[in-house]
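Please consult the sequence and structure below while reading.

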Amino acid sequence: MSNQFQNPNNPSLILPLDKGRKGRVGLLHFGFKKFGFVWDLGFRIFDFRHPLRLASSEASRRLGFSLVEVILAVALFGLFATALIGLLMNSYGSNLQAAEKDKANFYAQQGLEAVWSIRRQAWNFLVNGDHGVNTNAGYWQFIGTSDLLDDRYTRVVNVNNICRNASSQIIDCSAPGAIIDLHTKKVSSKVTYSAVTGVNNEIELISYLTTWQSKDWIQTDWSGGSGQINWSNPTRYFTDDGNIDYLVNGEVKLKNLGGGCGTKIWPFDVPADYTYDPAKIEVIGGFAQLVAQSGFIVNGQSINAGFDTSLTPWIFGSWGTITPTGSWQSSGGNPGGYARIQFPTSKNRISGGYFQQSFTVTAQTINSATLNLDWIVSQYSGAADSLVLYAFVDPAAGAPALGQEVWNSGNQTATTPWTSVANINVASKITGPGTYYLKIAAYVDYPGSNRQYAVGFDNVLLTWSGTTSASYPTDRPMIDPVNFYTAAGIERWSSFTETAQKNGGEIYYQLNADDGAGWRYWNGSNWVIASVNDYNTAAVINSNLGDFPTTTAKIKFKAFLASDGSQSVRWCR
């Protein structure tokens, strides 16, 4: 026979009690739900302490005591079993979450590899934005803005630009000076999913793709025409709508659909038709030209005499059987920085070092030319066969020729303080207009024992003054027509040409379209209001005249005749 004991507070706990010959048998059941599963555990409990042959009162008393023991045993067992089962279930849950994370990481990595595959198909397939990916076409391709995997993993692949600064460092594209790197893309692959615990998780992987093996090109010739889908012929293109004119290399413009055109020529036959300064420009014999002037005084000088911040534009050179070094010293000069020539340790050698810079003379006749300099012997480790410092003014660059100097220090036998030399007459070395070279040098003839030497120069300044021959104004005097030219119904100004004899000079222009109130020049992108020193050559005007405004149907020019004083600039029309 059997009885059942059921806990009214826990319907899942059932105790069937089986009364047998040798004792009682109890059957214990546990039922619970965790991680979405229903768990049912059963245990059998034996009690051999109470045989059925006891007296009824004794049996009754012992039967009650035995039930308490069963309940206590069940409670202890339930306590320990619950803890053990909880550990097992947590371990199982952790394994499930790890598996989910591994799969999410796999899908994220797969997303990056899909983009790598698309990049190998064509760089321009990497379109900025959010994408999903699949291989439904037999190869990886972008689809939509995301894709769903296993009905629970959502993957979003994002492609975006990379920006760099002037030092090629990656910066935010909204930062000042940011430049988009056309050869780099940033790719992220993000996978989001809801874990078995109900928590939303995500995995994101990032990669940078480059097209380092690509080449950029500049196409200026489209004469090969349309029909080229993939770029291979540098003279062809894909398609146009028939309204493009590309016949001139370097130009793409709207095709001229017809209509009348005209030409305006400004001759220089009537001086009263123009405004100009007659002391500097004359209109005569069909020319507008600079007025020849008698000779005038011009002057000039060398630069960076004091070597205060660098050697520029001085250039170092050497000659001989061992090479010295030339360098700028930031201190120790007379005062401040100076130029040093260091002769290395040696013996039985000869060595020369020099600094040189070029200067230009524009005078036809030289009235005066003088040189000032400071020099020092800063290192003298022992007697040399000779150690001499020099200055030269030569018509050509390169190592100087000893004996042609304009000054020398004489043989030096010890270190010296800074010594100044003033008003060295170098006029005989400057024979007329042209380019000359000022050189400061030192020469050592080493003795038979190892020796080392160093010299320096500071405050090296050459000045010249002279008179030009017949000369022309150098302040770029201007001339412009008194009246505007009006072209009624004008749609576009098409060309601008000049006929002139410049002889090395130049003619610059400004244009006006509003009765003289706003002179304009081409600044590289637009016709903008010009200051007195803003103008263009005829070639620049011609290239961009099509963009000059036509709203007033008027146009007028102002010309600036530029000469260096020796150039006769004559303008025909």
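## Aromatic pairs

In this predicted model, Tyr443 has a relative accessible area of 14% and is therefore buried, the cut-off being under 20%. A search of the whole structure finds 25 aromatic pairs. In one of them, the ring centres of Trp319 and Tyr443 lie 6.1 Å apart with their planes at 15 degrees, so this pair is stacked. Because Trp319 belongs to strand β18 (residues 315-320) and Tyr443 to strand β26, the pair ties together parts that are 124 residues apart in sequence.

Tyr446 and Tyr453 form a tilted pair, at 5.9 Å centre to centre and 55 degrees between the planes. Tyr446 is buried at a relative accessible area of 1%, and Tyr453 is buried at 0%.

## Nonpolar cores

The largest nonpolar core has 42 residues, of which Leu371, Ile430 and Trp464 touch the most other members. Strands that each supply at least two residues of this core include β20 (338-346), β22 (365-380) and β26 (434-445). The largest share, seven residues, comes from β22.

Beyond four places away in sequence, Ile430 touches residues including Phe359, Ile366, Tyr436, Leu462 and Trp464. A second, separate core of 28 residues includes Tyr274, Tyr472, Ile507 and Tyr509.

## Charged side chains

Lys556 is found in strand β34 (residues 554-562) and counts as buried at 10% relative accessibility. The Lys556 side chain makes a polar contact with the side chain of Asp480 (3.5 Å).

The charged end of Arg570 sits over the ring of Phe287, 3.7 Å from its centre. Likewise, the charged end of Lys264 sits over the ring of Trp266, 5.5 Å from its centre.

Conventions. Residues numbered from 1 in each chain as written. Predicted model: local features only at pLDDT ≥ 70, side-chain atom pairs only at ≥ 80, totals over all residues. Heavy atoms only, no water. Core = buried A, V, L, I, M, F, W, Y, C linked by side-chain atoms within 4.5 Å. Buried < 20%, exposed > 50% of the residue type's maximum accessible area, 1.4 Å probe, protein only. Helix = DSSP H or I, 4+ residues; strand = E, 2+ residues; numbered from the N terminus. Contact = heavy atoms within 4.5 Å. Polar contact = N/O pair within 3.5 Å; in protein donor to acceptor, adjacent residues only side chain to side chain. Phe/Tyr/Trp six-rings, centres within 6.5 Å; stacked < 30°, edge-to-face > 60°. Lys NZ or Arg CZ within 6 Å of the ring centre and 35° of its normal.
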